[in-house]
Amino acid sequence: VILTACKNTKGVPENIMPPKKMQAVLWDMMRADQFIADYMLSKNPAMNKTAESLTYYQQVFTIHQITKEDFQRSFEYYKSHPDLFRQILDS
């Protein structure tokens, strides 16, 4: 009974972020990209967008208490499972 209660019903491995958390992380990363594109680049066109993006992504990871590796592992998993990835992106 205990094993059944702890089983992940979505079929996502334990080392992969659950769909809701992945959705929240992706949403925040898209917002960071939009902020950089709409605000920061307009104020400073010579800015290194890649470096700024990495800085903001690290802040997103910190907020969600994950690492870059956690995100990359989960992102690769969802990319290889398009049905789950579509649900994350569509909701």
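View 1. Buried residues make up 30% of the protein's 91 residues. The model shown is predicted. The accessible surface comes to about 6,700 Å². Carbon and sulfur atoms hold 57% of that surface.

**View 2. The protein has 5 helices and 0 strands.** Read from the N terminus, the order of elements is α-α-α-α-α.

**View 3. Helix α2 packs with helix α3.** Two packed helices are described by the angle between their axes and by the distance between those axes. Helix α2 covers residues 19-43, and helix α3 covers residues 49-63. Their angle is about 145°. Their axes lie 10 Å apart. The crossing of α2 and α3 is right-handed.

**View 4. The residues between α2 and α3.** Which residues of α2 and α3 make the contact? From α2 come Val25, Asp28, Met29, Ala32, Asp33, Phe35, Ile36, Met40 and Leu41. From α3 come Lys49, Glu52, Ser53, Tyr56, Tyr57, Val60 and Phe61. How do the residues of this contact divide into nonpolar, polar and charged? There are 11 nonpolar residues, 1 polar residue and 4 charged residues in the contact of α2 with α3.

**View 5. Ser74 in helix α4.** Helix α4 spans residues 68-79, and Ser74 is found there. Is Ser74 buried or exposed? Its relative accessible area is 0%, under the 20% cut-off, so Ser74 counts as buried. Set aside its neighbours within four places in sequence. Ser74 is then in contact with Asn15, Ile16, Met17 and Met22. Look at Met17 in particular. A polar atom of the Ser74 side chain lies 2.9 Å from the backbone nitrogen of Met17.

**View 6. Gln65 in the loop between α3 and α4.** Gln65 is not a glycine, yet it has a positive phi. The value is about 55°. Is Gln65 buried or exposed? Its relative accessibility is 73%, over the 50% cut-off, so Gln65 counts as exposed. Ser74 belongs to a helix, whereas Gln65 belongs to a loop.

Note on methods
Residues numbered from 1 in each chain as written. Predicted model: local features only at pLDDT ≥ 70, side-chain atom pairs only at ≥ 80, totals over all residues. Heavy atoms only, no water. Helix = DSSP H or I, 4+ residues; strand = E, 2+ residues; numbered from the N terminus. Buried < 20%, exposed > 50% of the residue type's maximum accessible area, 1.4 Å probe, protein only. Polar contact = N/O pair within 3.5 Å; in protein donor to acceptor, adjacent residues only side chain to side chain. Contact = heavy atoms within 4.5 Å. Areas by Shrake-Rupley, 256 points an atom, 1.4 Å probe, with all protein chains shown as cover. Axes fitted to C-alpha atoms, helices over the stretch in contact; angles between N-to-C directions. Left-handed = near helix turned anticlockwise from the far one by under 90°. Nonpolar A, V, L, I, M, F, W, Y, C, P; charged D, E, K, R; others polar.
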